[in-house]
Amino acid sequence: MNKRQFLKSLLLLFPAGGFTGTLARWAGAKETGKTGADAGAADRRDAKAQGNGKYHPDRHWYGMGVEIDKCIGCSRCVDACKTENAVPQEPFFFRTWMERYVISKNGEASVESLNVKSKAAREAGQEDAEVLRSFFVPKLCNQCANPPCVQVCPVGATFSTQDGVVLVDANRCIGCRYCIQACPYGARYLHPQTKTADKCTFCYHRVVNDLLPACVEVCPTQARIFGDLKSKASRLVRFTRMNKIHVLKPSLNTEPKVYYAQLDGEVR
Amino acid sequence: MSTEQMAALTELMEQVTGFIYPNEIEIHWSILIVVYPYVTGLVAGAFILASLVKVFNIKEVAPTYRLSLLTALAFLLVAPLPLLLHLGHPLRSYEIFLTPNPTSAMAMFGFVYAWYLMAVLLLEIWFEYRRDLVLMARESRFPMNWVYRGLSLFSTDISEAALAVDRKAIRIITIIGIPSAFLLHGYVGFIFGSVKANPWWSSVLMPIVFLMSAIVSGIALVIFLYMVLMAVRNQPIDMRCLDTIVGYLFYAVIVDFSLEALDFIQRLYESEESIKILGSLITHKLFMSLLVLQILLGMIIPLGILVIARGWKFNDDMRKLLYFTSVILIQIGIFSTRWNVVVGGQLFSKSLRGLMGYKMEVMGIEGLATALVLLALPFVILYVLIRVLPTERLEGERVPRGAPSPEGEALPLPTRGM
């Protein structure tokens, strides 16, 4: 390619790029109902880009991706969550936690929660079984699209937001704990101080202010991917496109929005 | 967080076997939530026994009719208390009425309860007692005459036409009442049976098993109370009545037993993902309360006793003894049933990989002492009810003016123990 041809191509390339970009934005707007220039913006800038700093919950649908092969089990996400959300430090209350699976050569799976050292876990850890494979699984509220906890709450204190996050109104919760019983993932606990149900909020206070959830922010290997499923440019949408994904306990029809890549069949 | 709670949870952590989700260490529904379905079951069962007289015209059971109604009322008044004491925020409980979530089984509690108390039980009792209240208001002295006047809602008409209206009303209320009683307790079963997250609870049979065991426990309780009441009053037991009720109890136990057996067999045969952990739940955590107390002591042995009592030609005293033994065993069995459902369902992890422990408090608000008080309270209420409302229909106007009022004749019931 000589200089003349190169410059000619450049002349073509820029308008073509602009055209494609406009097309993409237009497609994005059609998909999400967004208007104009903000449609193609990345998730993190979405809230601000929508103008006037006003947040529009109907324009988002949040979820999280977890790439199991990237997780090193450092539990920084767990610490960050506890700090960010004032979760009691005692090892009985978690909005997110870390599980370690060790599958030995005889096929037996031994599981432990890295953040709780029960007697059983301490004893299990001392065994020297031949390991077939081992991996970490971060767990959190699955922010189900069809949440059983919301279904059973007698007073409507726990509810789904328009943007797909399940929250608890601590001023309304009567502390009956039916939601804790109804959650198949053990993601809820009764906060010992407020005596109300508590759970992961996807750090809703951060998300609506254009920040990532604390656990995603601190993850050193980017094993957690947060994003907006309504935005085609979202990292999460790319993640679900590039990986074969699975959700936890799909047979219960809770329609979780935490998507795991490389999830092992032993994980429940 | 209190250091006591911390210490309790640390202790429970040591009892964990296998793997559980970390939030699962705390057992959320305690002994109080065992008491709740037990008490509501007694209400439903006692009411259904009362209905036999009015709807199906079973005259033999008539001597226990009023006792059954008063028993149902005494227990129904206590039924919401364990729930209330259990709430993290009891002062917000009114929200269930103000902003109920229509998809929540629990939100319906207030409405089912209010319906049953107001539209069924109190109405039926009022119509049943109206004539007697009018009579007693006329015949007793201050202040009881005003109490009775108030209770009769200041009605005075006891003409034959008015009494006919009463009888008709009772019949209609009872016909509405039977499905309501079914609703009350079937609904309690549904609260558990509809939790798909929990394989020990999630069963379509749950409301029906709850209902049948409710009928069993309610009938057994009325038999117990009737025998005790007659003994305390030094009156003879109507053996035809007792034999008939025990007959119903016998068939109810058989149906209940069959349903529970069906549930077990179905689970075992389907052998789903949860079967291993449920198996070890039964062998490690519920051996005593399920196999020994619920099935052996609470079902097979009383069933055997009833078979013998009905099959052999025993004299009255021997039959009374056998009946009395079996109704007490049945109560123990049904209480264990509630325990095994409520607490048993929380002793295994939803990861299906481990078991937890439950350590009952003794003195705390969700402890044994509270549970015992709540179980004794209906007997105290019943004692007061029986003092005010006679368990047998007054005979015409024969009670002379100024004579000691009938409440003086009613002797105290034991206020504790089952």
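**Stop 1: a strand on the inside**

Start by selecting β1 of chain A: six of its six residues are buried, so the strand is largely enclosed by the rest of the structure. Here "buried" means 20 or more other C-beta atoms within 10 Å of a residue's own, "exposed" means 12 or fewer, and "partly exposed" is in between, with C-beta atoms placed from the backbone. Helices (H or I, at least four residues) and strands (E, at least two) are DSSP runs, numbered from the N terminus.

Before going on, some housekeeping. This is a predicted model, where local features need pLDDT of at least 70 and side-chain atom pairs count only at pLDDT 80 or more, while totals for chains, interfaces and linings use all residues. Residues are numbered from 1 along each chain as its sequence is written, and chains are lettered from A and ligands numbered from 1 in the order in which they are written.

Now show the side chains of β1(A). A:Tyr62, A:Met64 and A:Val66 point one way, while A:Gly63, A:Gly65 and A:Glu67 point the other way.

**Stop 2: A:Trp61**

Go to A:Trp61, in the loop between α2 (43-49) and β1 (62-67) of chain A. Is A:Trp61 buried or exposed? A:Trp61 is buried, because 20 other C-beta atoms lie within 10 Å. Leaving out residues up to four places away in sequence, A:Trp61 touches A:Asp163, A:Gly164, A:Asp228, A:Leu229 and A:Lys230. Contact means that two C-beta atoms, placed from the backbone, lie within 7 Å.

Zoom out to all of chain A: nine helices and eleven strands, with 40% of its 268 residues buried.

**Stop 3: where the chains meet**

Select the interface: 43 residues of chain A are in contact with 41 residues of chain B. On the chain A side, β3 (109-113), α4 (119-125), α5 (148-152), α6 (178-182) and β7 (189-190) each supply at least two residues. The biggest share comes from α6(A), with four residues. Color that side by class and you get 25 nonpolar, ten polar and eight charged residues. Nonpolar covers Ala, Val, Leu, Ile, Met, Phe, Trp, Tyr, Cys and Pro; charged covers Asp, Glu, Lys and Arg; the others, Gly among them, are polar.

**Stop 4: chain B and its helix α14**

Chain B has 14 helices and two strands. Its radius of gyration is 23 Å, close to the 22 Å that the globule rule gives for 418 residues, so chain B is as compact as a globular protein of that length. (The radius is taken over C-alpha atoms, and the rule is 2.2 Å times the number of residues to the power 0.38.) Of those 418 residues, 44% are buried.

Finally, select α14 (residues 368-388) of chain B. This helix has 21 residues and reaches 31 Å from its first C-alpha to its last, close to the expected 30 Å, which is 1.5 Å times one less than the number of residues. Its buried residues are B:Thr370, B:Ala371, B:Leu374, B:Pro378, B:Leu382, B:Leu385 and B:Ile386. Show α2 (31-55), α3 (65-78) and α4 (80-86) of chain B as well: the buried residues of α14(B) pack against them.
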